[in-house]
Amino acid sequence: MIELRECDGQVALVTGASRGIGAAIAERLASAGAKVVVTARTITPVAKYVGSLQDTVDRITAAGGTAVAVQADMNLPGDRARLIAEAVDRLGPVDILVNNAAITYSMPFTEFTEKRYRLMFEVQVRAPFELAQMVVPSMRERGRGWILNITSRAGTHPQGPPYNRRYGSFGVTVYGMVKAALDRFSTGLAAELYNDGIAVNALAPWDVVATPGALAHDLVDGAPVEDVSWMAEAALALCSGDPRTLTGRVAYSQPLLAELQRRPPAASSVASQP
């Protein structure tokens, strides 16, 4: 008798899946049986970072999974619509949507240009909103679905006064603003879709994950570091759990897994991209 895996028969779409958290989540969903569409602005490697969308696909297929890459820029409405159309055409209707794509500028708010401000909201708030709008109708038809928005502890309120000077030096006010909006969207949508059998959650790392983005923004030095496999396992839990009970969460990787009495697999195809 063949043992069914948690995501057998499901189609998952993961944005921002070239490396880091997005790649790890895509690989973990694939290892649990999902057919995965991965997307990012480019398919081939870029000089600035190690890892690419093609690398993610290659690791998944080498491990016996199914994955396809679709290039799409989450800043462009036309690309967002094309992404969903290609995902459905190549693998079928989306059962699991993971919104991980992000673009971030860390600087004092007085230095923010309108272009950068709008770009952060477009990629991290508007894109998840529109992608959800496009996949929810077919989820409703099937009476099931999971939407997961990748967020950050920066979305919580700074503790003070007095305030830790790191908040000012990191320039995370706009980043926190974007993630707070994403958190509220997640919980509101969970309530709206509850009777449709669709779970909606937000998930953040408990500690810093040493992704290329975190390293680029100097977020790793001196901070507690979490292996990316914790986020991947927590994402799997939220993308396969009972939508009647595991929904409406703004969850954090390590506390969530402790609550669910889960840990990342001892041997996993998921690899951190430092």
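The model is predicted. Helix α4 spans residues 114–142 and comes within 10 Å of helix α3 (residues 77–91), axis to axis, while its axis comes within 9 Å of that of helix α6 (residues 173–193).

**Helices α3 and α4**

- The axes of α3 and α4 cross at roughly 40 degrees, and the two helices are therefore oblique to each other.
- The crossing of α3 with α4 is right-handed, and residues P77, R80, A81, L83 and I84 of α3 meet E122, R126, A127, E130, L131, M134 and V135 of α4.
- Sorted by class, the residues in this contact of α3 with α4 comprise eight nonpolar and four charged, with no polar ones.

**Helices α4 and α6**

- The axes of α4 and α6 cross at roughly 15 degrees, which makes α4 roughly parallel to α6.
- This crossing of α4 and α6 is also right-handed, and its contact residues include Y117, F121, F129 and A132 from α4, together with Y175, L182, F185 and L193 from α6.
- By class, the contact of α4 with α6 consists of 17 nonpolar residues, one polar residue and two charged residues.

**Nonpolar cores**

- The largest nonpolar core contains 41 residues, within which L29, V36, V98 and L203 have the most contacts, and helix α8 (residues 228–238) gives the most to this core, contributing eight residues.
- Leaving aside residues up to four places away in sequence, V36 touches A12, V14, A26, L29, A30, T66, A67, V68 and L91.
- A second, separate core has 39 residues, among them A132, V135, I147 and L182.

Note on methods
Residues are numbered from 1 along each chain as its sequence is written. This is a predicted model: local features need pLDDT of at least 70, side-chain atom pairs count only at pLDDT 80 or more; totals for chains, interfaces and linings use all residues. Side-chain values use heavy atoms; hydrogens and water are left out. Axes are lines fitted to C-alpha atoms, for helices over the stretch in contact, and angles run from 0 to 180 degrees between N-to-C directions. Helices (H or I, at least four residues) and strands (E, at least two) are DSSP runs, numbered from the N terminus. Angles under 35 degrees count as roughly parallel, over 145 as roughly antiparallel, 65 to 115 as roughly perpendicular and the rest as oblique. A crossing is left-handed if the near helix is turned anticlockwise from the far one by less than a right angle, and right-handed if clockwise. Contact means heavy atoms within 4.5 Å. Ala, Val, Leu, Ile, Met, Phe, Trp, Tyr, Cys and Pro count as nonpolar, Asp, Glu, Lys and Arg as charged, and the others, Gly among them, as polar. A nonpolar core is a set of buried Ala, Val, Leu, Ile, Met, Phe, Trp, Tyr and Cys residues joined through side-chain atoms within 4.5 Å. Buried means under 20% relative accessible area, exposed over 50%, partly exposed in between (1.4 Å probe, protein chains only).
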